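Here is a short briefing on one protein model. Look at the sequence and the fold, then work through the points below.

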Amino acid sequence: IKLRSLGFEVQKVEDLKRALIGRTLSGFAARIRPGDEVVVFYAGHGLQVKGVNYLPAVDAEIHGEDDVPLNSLNLSALLDRLDEAKAGVKLLFLDACRNNPYARSFRSTSRGLARVADAPSGTLMHFATRPGSVAADGSGANGLYTTELLKAIDQPGLPVEQMLKRVAAAVERASQGQQEPWVEGSLKGDFYFRPG
């Protein structure tokens with residue numbers, strides 16, 4: 001609702017099922033025109049396996065690490081599709097660093113999401129918490145990170161990088177230092193959700 005009110009064409013996907021991951025990703029990428037400003041927001045479980053980030057489907061059947069790629073959206077694949085579509089600005093907001101519900105069956109003990117070392121040029125990603133950490137779900141309809149993001153996105157005349165600093169500071173304050181949002185990547189120019 002918020003992005004639509006800011007003038008974005010929105011493709012809303014809730015409770016993404018395994019069978020629809022490929023079709024959803026292809027359909028989303030097909031709507032992007034060269035130079036478009038693209039925003040991806042994800043809230044839900046996020047996990048890493050061997051340094052690769054995954055966003056599991058709602059009906060994921062994960063009994064071990066080998067099941068993750070077959071039951072999840074690969075974040076690197078999403079970034080590649082955005083780059084192939086020649087999106088001009090690529091913004092990803094990931095409120096996805098919650099506890100891994102499958103951790104007991106994993107060989108490794110990595111928590112949260114991993115750093116993304118190979119993001120395409122013109123990509124800015126904001127994670128709800130730093131690499132390898134876990135984010136709070138919050139007490140309301142949204143997680144703590146999403147609540148603060150929604151407040152900050154409405155402030156006019158604020159470049160997105162400055163907006164994200166405000167979100168991070170607010171989350172750290174509200175969590176008493178337990179949760180620190182994390183930025184990766186950079187944009188080539190300025191981007192404003194609400195120009196001044």
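Strand 6 and strand 7 run antiparallel, and four bridges join them. Strands pair if DSSP finds at least two bridges between them. Strands here are DSSP runs of E with at least two residues, helices are runs of H or I with at least four, and both are numbered from the N terminus.

This is a predicted model: local features need pLDDT of at least 70, side-chain atom pairs count only at pLDDT 80 or more, and totals for chains, interfaces and linings use all residues. Residues are numbered from 1 along each chain as its sequence is written, and side-chain values use heavy atoms, with hydrogens and water left out.

**The sheet**

- M125 has E184 in strand 7 as its bridge partner.
- The open sheet holds four strands in the order 1-5-6-7, with mixed pairing.
- Strand 1 and strand 7 stand at the edges with a single partner strand each, so one side of each has no neighbour in the sheet.
- On average, neighbouring strands of this sheet are turned by 15° against each other, direction ignored.
- Helix 4 (residues 144–152) packs on the sheet and touches strand 1, strand 5 and strand 6. Contact means heavy atoms within 4.5 Å.
- The direction of helix 4 makes about 140° with that of strand 5. Axes are lines fitted to C-alpha atoms, for helices over the stretch in contact, and angles run from 0 to 180 degrees between N-to-C directions.

**Helix 3**

- Which residues of helix 3 (residues 75–84) are buried? They are L75, L78, L79 and L82.
- Buried means under 20% relative accessible area, exposed over 50%, and partly exposed in between (1.4 Å probe, protein chains only).
- The buried residues of helix 3 pack against several elements, including helix 2 (21–30) and strand 3 (52–56).
- N74 caps the N-terminal end of helix 3, with a side-chain oxygen 2.8 Å from the backbone nitrogen of S76.

**Exposed residues**

- K86 sits in the loop between helix 3 and strand 5. Its phi is near 65°, a positive value in a residue other than glycine. K86 is exposed, at 56% relative accessibility.
- K50 sits in the loop between strand 2 (47–49) and strand 3. The phi of K50 is also positive, near 55°. K50 is exposed, with a relative accessible area of 71%.

Conventions:
A polar contact is a pair of N or O atoms within 3.5 Å; within protein, one must be able to donate a hydrogen and the other to accept it, and residues adjacent in sequence count only if both atoms are side-chain atoms.
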